[in-house]
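Let's take a walk through this one together. Have the sequence and the model side by side, and start by picking out a single residue to look around from.

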Amino acid sequence: MRSKKSSLPEQVSLPWHPPGLIAGVDEAGRGPLVGPVVAAAVILDDLRPIAGLADSKKLTEARREKLFDEIRAKALCCSIAEASVEEIDQLNILQATMLAMRRAVQGLRLKPVMVLVDGNRIPTLDIPAEAIVKGDALVQSISAASILAKVHRDRWCRQVHEQYPQYGFAGHKGYGTAAHMAALQAHGASIYHRRSFAPVAKVLASAAERTPV
């Protein structure tokens, strides 16, 4: 049985899984008010270890960027996928996240025998899968996936910032900070805002009330 807590700094091994390739899966961007939700799937190469893998939220931006390149270079294969703003608004964020995860797994060049997913929910797959709470801190392949997803989405935010600098996407990465909410109030919603999210819907409704008929 897996211990929930460990004093050891190294990540846990998972000896009970079937022999063969194991993919780690994680997402980035469930909470923000803007942009796609991103998922990544990674199959690491045991013969090419990567030092310093950890939950992407625990790493500096510079460290994530360096590890992103190393993961892409050393992993047996990896895949990054998205669910769009339109899909988020149509399906809801949970189902859109599952969709992005499924796309990421399906995009792997090699088919794993097992998929390990961060969190407590599993997307619909044709491969055995296990959800692992806090897996991004426990399982190296999930850590790698969390880094790929986070860096990919942060880069998206920086690119969109150049198109819509008034919202400050490069800084808050789409989260509902005070500065972001102030920009929403001042400029309305961009084409990248998630209309189904309550703070955005509230701003849109308020703007509609002020618009003369």
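Leaving aside its neighbours within four places in sequence, which residues is H180 in contact with? There are quite a few to click through: L33, V34, Y167, F169, H172, G174, Y175 and H193. Keep in mind that this is a predicted model. H180 itself lies in helix 7, which covers residues 178–187. Is H180 buried or exposed? With a relative accessible area of 0%, H180 counts as buried, because the cut-off for that is anything under 20%.

Two of those contacts, Y167 and F169, are worth a stop of their own. A pair of aromatic rings is described by the distance of the centres and the angle of the planes. A search of the whole structure turns up 4 aromatic pairs. One of them joins Y167 and F169: the ring centres sit 5.3 Å apart with 5° between the planes, so the pair is classed as stacked, the limit being under 30 degrees. Both Y167 and F169 are buried. They also belong to one aromatic cluster, together with W156, Y164 and Y192.

Elsewhere, have a look at R155 and F68. The charged end of R155 sits over the ring of F68, 4.3 Å from the ring centre.

Now for the cysteines. A disulfide is a covalent bond between the sulfur atoms of two cysteines. How many disulfides does a search of the whole structure find? The count is 0. Take C78: the nearest cysteine sulfur belongs to C77 and is 7.1 Å away, so C78 is in no disulfide, given that the two sulfurs would have to lie within 2.5 Å. C78 is partly exposed, because its relative accessibility is 22%. C157, on the other hand, is buried, with a relative accessible area of 0%.

Time to zoom out. The chain has 8 helices and 5 strands, and from the N terminus on they run β-β-α-β-α-α-β-β-α-α-α-α-α. Of its 213 residues, 45% count as buried. Among contacts with a separation of 6 or more, 64% are between residues 24 or more positions apart. As for the surface, the chain exposes about 11100 Å², and carbon and sulfur atoms supply 55% of that area.

How values were computed: Residues numbered from 1 in each chain as written. Predicted model: local features only at pLDDT ≥ 70, side-chain atom pairs only at ≥ 80, totals over all residues. Heavy atoms only, no water. Helix = DSSP H or I, 4+ residues; strand = E, 2+ residues; numbered from the N terminus. Buried < 20%, exposed > 50% of the residue type's maximum accessible area, 1.4 Å probe, protein only. Contact = heavy atoms within 4.5 Å. Areas by Shrake-Rupley, 256 points an atom, 1.4 Å probe, with all protein chains shown as cover. Phe/Tyr/Trp six-rings, centres within 6.5 Å; stacked < 30°, edge-to-face > 60°. Lys NZ or Arg CZ within 6 Å of the ring centre and 35° of its normal.
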